[in-house]
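Hi everyone, thanks for coming. Let me put the sequence and the structure up on the screen, and then I'll talk you through them.

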Amino acid sequence: MEEPRVIKARGLPWSATADEVVAFFSECNIIGGVKGVTFGLNREGRPSGEAFVEMESDDDVHNALKKDKKNMGKRYIEVFESKVSEMEYALNSSQGSSRGFGGDIFGDDAVVRLRGLPFDAGKIQIADFFDGLEIEQNGILLVTDYNGRSSGEAFVQFTNTGDGKKAIQKHKDLIGSRYIEVFSSSMDEARRAQQQMSFGPMRGGPGPMRGGPSMRPGPYDRMGAYGGGMGRGRSDFSDDYYGYGGGP
């Protein structure tokens with residue numbers, strides 16, 4: 001069987017989605033469309049700025065290489081010819097840090113990170129996306145910027161690691177017309193994201209800060225979270241983070 005043809009794109013914006021990568025290579029036939037795009041992660045589970053793209057033919061690889069040093073937004077993208085073995089090595093390296101791409105290693109806190117959400121997606125839509133899996137009570141955190149705008153990311157904590165692993169299998173499934181990326185994560189990563197939401201740069205005025213380490217949560221902070229699980233007496237996003245980043 002002939003080995004798939006793979007190219008590597010480097011220098012991608014951290015927020016780049018599979019749809020945007022497909023659009024960047026619009027003159028190429030990508031195997032499976034967005035399903036033929038795989039992002040690399042660093043050892044902290046964050047986007048590495050690289051993606052591997054599976055092409056249908058040698059002509060498609062040739063056309064893809066013509067995009068070398070072309071811009072995606074304000075960033076120029078480097079494009080290289082690659083191999084399946086290089087792609088698998090990069091993915092296995094990211095899995096070694098208990099993150100990304102559905103590896104066997106999965107944290108005990110059963111947290112996943114979503115990327116590529118519609119900007120109007122709320123906690124109910126995320127719960128519906130994981131229908132049949134048990135989400136921890138107050139187990140959905142919508143990530144916003146310091147102005148309260150949706151970033152298209154969220155963290156979800158499940159009541160057990162089995163459901164957390166099943167959630168990874170939803171990688172590149174749809175919410176509406178958008179493909180959603182699902183990565184294994186941790187409460188620590190969610191905590192860092194929530195701290196950035198609350199204490200990020202203050203350009204043009206402070207962002208929404210509803211409570212803090214030295215302040216009691218607001219009256220709606222504990223009521224705004226959504227989750228189907230009954231909880232297991234451990235900290236959740238509302239309790240652990242003082243209700244930052246709540247929302248519908």
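Quick housekeeping: what you see is a predicted model, where local features need pLDDT of at least 70, side-chain atom pairs count only at pLDDT 80 or more, and totals for chains, interfaces and linings use all residues. Residues are numbered from 1 along each chain as its sequence is written, and side-chain values use heavy atoms, with hydrogens and water left out.

So, the overview. We have seven helices and 10 strands; these are DSSP runs numbered from the N terminus, with helices being H or I of at least four residues and strands being E of at least two. Of the 248 residues, 47% are buried. Buried means under 20% relative accessible area, exposed means over 50%, and partly exposed is in between, using a 1.4 Å probe and protein chains only.

Now look at helix 5, residues 161–168. Which of its residues are buried? They are Asp-163, Gly-164, Ala-167 and Ile-168. These cover an arc of only 155° around the axis, so they sit on the same side of helix 5; the arc is that of the directions from the helix axis to the C-beta atoms.

At the start of helix 5, a side-chain oxygen of Asn-160 comes to within 3.2 Å of the backbone nitrogen of Gly-162.

On to the rings. Rings of Phe, Tyr and Trp (its six-membered ring) pair if their centres lie within 6.5 Å; planes under 30 degrees apart are stacked, over 60 edge-to-face, and the rest tilted. That rule gives three aromatic pairs. Phe-24 and Phe-25 have ring centres 4.9 Å apart and planes at 85°, so that pair is edge-to-face. Phe-24 is buried at 8% relative accessible area, and Phe-25 is buried at 1%.

Last thing: charges over rings, meaning NZ of Lys or CZ of Arg within 6 Å of the ring centre and within 35 degrees of the ring normal. Lys-67 lies over the face of Phe-24, 4.6 Å from the ring centre. Arg-115 has its charged end over the ring of Phe-39, 4.7 Å from the centre.

Technical notes:
Polar contact = N/O pair within 3.5 Å; in protein donor to acceptor, adjacent residues only side chain to side chain.
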